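Have the structure open and follow along.

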Amino acid sequence: MCEILLAVWSDPEPAPTVLDWAGRLERFGLGGFGWGIAWLEGGRIVAHRFPGRLDEDARGASQLSSVRSTRYLVHLRRPSQLSTIQLADTQPFVDAEAGLAFAHNGRFDRAEEMRGRFAGRLFGRADSEVGFQLFASLRAQGVSPRAALVATHRELEGSANLALLPATGTPLIYHGAPANQVWRFRLDGAEVATTGLHSSDEALFDLCFPDALGRRRLMPAEVAEVVRADGDQAEGPIPRPAVSNLGPASS
């Protein structure tokens, strides 16, 4: 029952812009049990995470006030199991060496079955971290980012909206959680992808983003590129392929 926000600008934008948007999602969504943000800085992925509400994280807001970046990924958490409320379970997850941040909304049905496969690489108890490690392992094997997102959901089953913020390459969003629709739109010069407050209507725009332009729902199993370069963007559904640590941070 989490929310994901991915925003991309052509030129660096202050982090408080994204924090304001995320605050709206937290207010009307089901988050409040941990939040985090990852961004691109000097060619690497940097992250800040906090195990409580965004609006309670005054220190984080102060530290982020001077951040400027062209790419941000935000995750607002409401875990399926409240026993997993700790910093290690808070997203986005970051692999500093691989240069990526990863976020998941939904529930992976086979996470516990596959947890032992990543023994020694897991720091928390959330099913989302199993998905993160599976995705990272697929990327290490040379699977493309698009295919790795789809394969992660295919192998772990259940429901999954997934977001990827890479240090190099294109940010991606994948829709595979029917209960929380993913939307694409443009706002204040940014290309934005976000989950929809677990509301089947368009309350996301009525309550949070009334000025959003070019609103479009993602189709099931669609992977979309989130880019903002001279107004161009590329996106589209792809077929499901057959597929037999935490970095700098402050599921």
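## Starting at Phe 209

Let's begin with one side chain. Setting aside its neighbours within four places in sequence, Phe 209 is in contact with Trp 21, Arg 24, Leu 25, Phe 185, Leu 187, Thr 194, Leu 204 and Arg 215. Keep in mind that this is a predicted model.

Phe 209 also belongs to the largest nonpolar core, which has 30 residues; Trp 21, Ile 37, Phe 185, Leu 204 and Phe 209 are the members that touch the most others. Each of E1, H1, E2, E4, E9, E10 and H6 puts at least two residues into this core. The top contributor is H1, with 6 residues. There is also a second, separate core of 26 residues, and Phe 93, Leu 156, Leu 162 and Leu 172 are among its members.

## The chain as a whole

Stepping back, the chain contains 6 helices and 13 strands. It has 251 residues, of which 56% count as buried.

Now for the pairings. E1 and strand E4 (residues 68-76) run antiparallel and are joined by 8 bridges, with Leu 6 opposite Leu 73 in E4.

E2 is mostly covered, with 6 of its 7 residues buried. On one side, 7 bridges join E2 to E3 in an antiparallel arrangement, and Leu 40 stands opposite Ile 45 in E3. These two strands form a hairpin with 2 residues between them, and Gly 42 in the turn has a positive phi of about 60 degrees. E2 also pairs antiparallel with E4 through 5 bridges; here Trp 39 stands opposite Tyr 72 in E4.

Over in strand E1 (residues 3-14) you'll find Ser 10. Is Ser 10 buried or partly exposed? The cut-off for buried is under 20% relative accessible area, while exposed needs over 50%. Ser 10 has 41% relative accessibility, so it counts as partly exposed.

## Helix H4

How well does the span of helix H4 (residues 127-140) agree with what its 14 residues should give? At 1.5 Å a residue the helix should span 20 Å, and its end C-alpha atoms are 20 Å apart, so the two agree.

H4 is mostly covered as well: 12 of its 14 residues are buried. Among them are Val 130, Phe 132, Leu 134, Phe 135 and Leu 138, along with Asp 127, Glu 129 and Gln 133. The buried residues of H4 pack against E5, strand E6 (100-107), helix H3 (111-114), H5 and E7. Just after H4 comes Gly 142, with a positive phi of about 95 degrees.

Most residues other than glycine have a negative phi, and most peptide bonds are trans. A few spots here go the other way. The peptide bond from Gln 91 to Pro 92 is cis, with omega near 5 degrees, and Pro 92 sits in the loop between E4 and strand E5 (93-95).

Two residues other than glycine have a positive phi: Glu 157, near 60 degrees, and Leu 197, near 65 degrees. Glu 157 is in the loop between helix H5 (145-156) and strand E7 (159-166), and its 41% relative accessibility makes it partly exposed. Leu 197 lies in the loop between E10 and helix H6 (203-208); at 8% relative accessibility, Leu 197 counts as buried.

Definitions and conventions:
Residues are numbered from 1 along each chain as its sequence is written. This is a predicted model: local features need pLDDT of at least 70, side-chain atom pairs count only at pLDDT 80 or more; totals for chains, interfaces and linings use all residues. Side-chain values use heavy atoms; hydrogens and water are left out. Helices (H or I, at least four residues) and strands (E, at least two) are DSSP runs, numbered from the N terminus. Buried means under 20% relative accessible area, exposed over 50%, partly exposed in between (1.4 Å probe, protein chains only). Two strands pair if DSSP finds at least two bridges between them. The expected span of a helix is 1.5 Å times one less than its number of residues. Contact means heavy atoms within 4.5 Å. A nonpolar core is a set of buried Ala, Val, Leu, Ile, Met, Phe, Trp, Tyr and Cys residues joined through side-chain atoms within 4.5 Å.
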